[in-house]
Amino acid sequence: VASGLNIGGFGYYRMNLLSPFNSDGSWSYILGRLPTLGGDYEGFNFLGSGILLLILLLLPMLFVKRNEIVVLIKSYWHVVLMAIALTFFALSNKIAIGAYEISYYIPEFLLRISEIFRASGRFFWPVFYLIVLLSVCCCIRYLKYGMAILLLLVVFVIQIVDTSKGWLPHKNYLLSKYGNSWSIPLQHPFWNDAAKKYNNIRQIPVKNMSSSWLDISYFAGVNKLSTDAVYLARVGSVNLQDAIKKSEYALVSGLYDQDSLYILNDAAFYTALLSGNTQQDLFARIDGFNVIAPGWKVC
């Protein structure tokens with residue numbers, strides 16, 4: 001996707017230095033919203049009140065065991081180096097501290113590479129997991145067994161209850177909208193038969209994130225079919241135009257790939273009917289989808 005690889009946003013979609021402590025006002029009953037700038041929401045990395053409390057309580061113990069910790073850091077220097085590098089990339093070259101920003105120059109070629117991963121704030125996620133894991137490990141390693149279990153239990157309860165301000169509304173919304181299981185509208189027996197005959201399922205017009213991409217791609221994934229009904233972060237503009245031209249030629253000529261099942265919107269389907277081979281190819285509306293199944297009638 002060379003023609004769609006670089007997209008602006010590096011330095012804007014970064015992590016704020018206060019992000020680990022910022023609940024955004026919606027992920028904690030205890031801690032409120034801290035000042036942010038612009039696209040800092042992409043660098044949302046709130047550790048949670050429970051984990052922050054655990055780290056705070058462990059700090060004196062870590063100071064006492066500092067010599068042992070230095071040895072561990074030297075033993076796992078590559079992990080430490082990776083964590084530092086990921087953190088710096090997450091902060092970007094425009095470091096935000098609350099509502100303030102400090103920027104520094106980076107060469108143009110580095111900026112072009114960085115823009116490939118423009119939402120750099122997400123690169124702190126592995127470091128986030130390391131912090132949580134290390135906090136739990138240090139608790140178990142340096143405290144007595146009973147005390148460690150009690151502390152982790154208290155921290156766990158605080159973490160779950162406090163962050164429920166953020167995750168519970170999402171859970172209730174998804175349950176009310178979808179229930180306990182995921183289902184798609186492609187329920188007619190035709191779809192199972194088509195999955196055995198075709199290798200691909202395509203959509204016309206070709207588009208990144210079409211209105212029905214989720215249902216089509218899920219069906220394709222379950223049945224191990226290739227598909228262009230997708231939602232991609234990067235799409236090569238040249239590749240996309242080539243695919244559009246190929247689909248437009250198929251509509252006008254009535255020549256479709258025999259190994260592909262096609263799903264079309266109403267306008268494309270009407271055009272296809274004017275030039276289609278209805279003696280051999282199936283043109284139908286099934287479960288609300290306009291379908292062209294090449295060679296279906298002679299199969």
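Residues are numbered from 1 along each chain as its sequence is written. Because the model is predicted, local features need pLDDT of at least 70, side-chain atom pairs count only at pLDDT 80 or more, and totals for chains, interfaces and linings use all residues, while side-chain values use heavy atoms, with hydrogens and water left out.

Helices (H or I, at least four residues) and strands (E, at least two) are DSSP runs, numbered from the N terminus. Five of the strands form an open sheet with mixed pairing, in the order E4-E3-E5-E7-E6. Two strands pair if DSSP finds at least two bridges between them. E4 and E6 are the edge strands, each pairing on one side only. E3 and E4 run parallel and are joined by two bridges; Asn200 has Ser226 in E4 as its bridge partner.

Just after H8, Lys224 takes a positive phi of about 55°.

Phe219 also belongs to the largest nonpolar core, which has 21 residues. A nonpolar core is a set of buried Ala, Val, Leu, Ile, Met, Phe, Trp, Tyr and Cys residues joined through side-chain atoms within 4.5 Å. In soluble globular proteins, nonpolar side chains tend to be buried together. The residues with the most contacts inside this core are Phe190, Trp191, Ile201, Phe219, Leu261 and Val291. At least two core residues come from each of helix H7 (189-197), helix H8 (213-222), strand E5 (260-264), strand E6 (282-286) and strand E7 (289-293). H7 gives the most, with four. Contact means heavy atoms within 4.5 Å. Not counting residues up to four places away in sequence, Val291 touches Phe190, Trp191, Leu261, Tyr262, Phe269, Leu282, Phe283, Ala284 and Ile286. Apart from this core lies another, of 13 residues, among them Phe46, Leu52, Ala83 and Leu91.

Phe46 is also one of the contacts of Asn22, once neighbours within four places in sequence are left aside. Asn22 lies in the segment before H1 and counts as buried, at 7% relative accessibility. Thr163, in helix H6 (residues 145-178), is buried too, with a relative accessible area of 10%. Beyond neighbours within four places in sequence, Thr163 is in contact with Trp27, Gly48 and Ile158.

On a 1 Å grid over the protein atoms alone, a pocket is an open set of points where a 1.4 Å probe fits, with protein on both sides within 12 Å along at least five of seven lines; lining residues have an atom within 4 Å of a point. The pocket is lined by 24 residues, and Ile73, Val80, Leu130, Ile131 and Leu134 lie nearest its centre. Helix H1 (49-64), helix H2 (66-75), helix H3 (77-91) and helix H5 (125-142) each give two or more residues to the lining. H5 gives the most, with ten.

Technical notes. Buried < 20%, exposed > 50% of the residue type's maximum accessible area, 1.4 Å probe, protein only.
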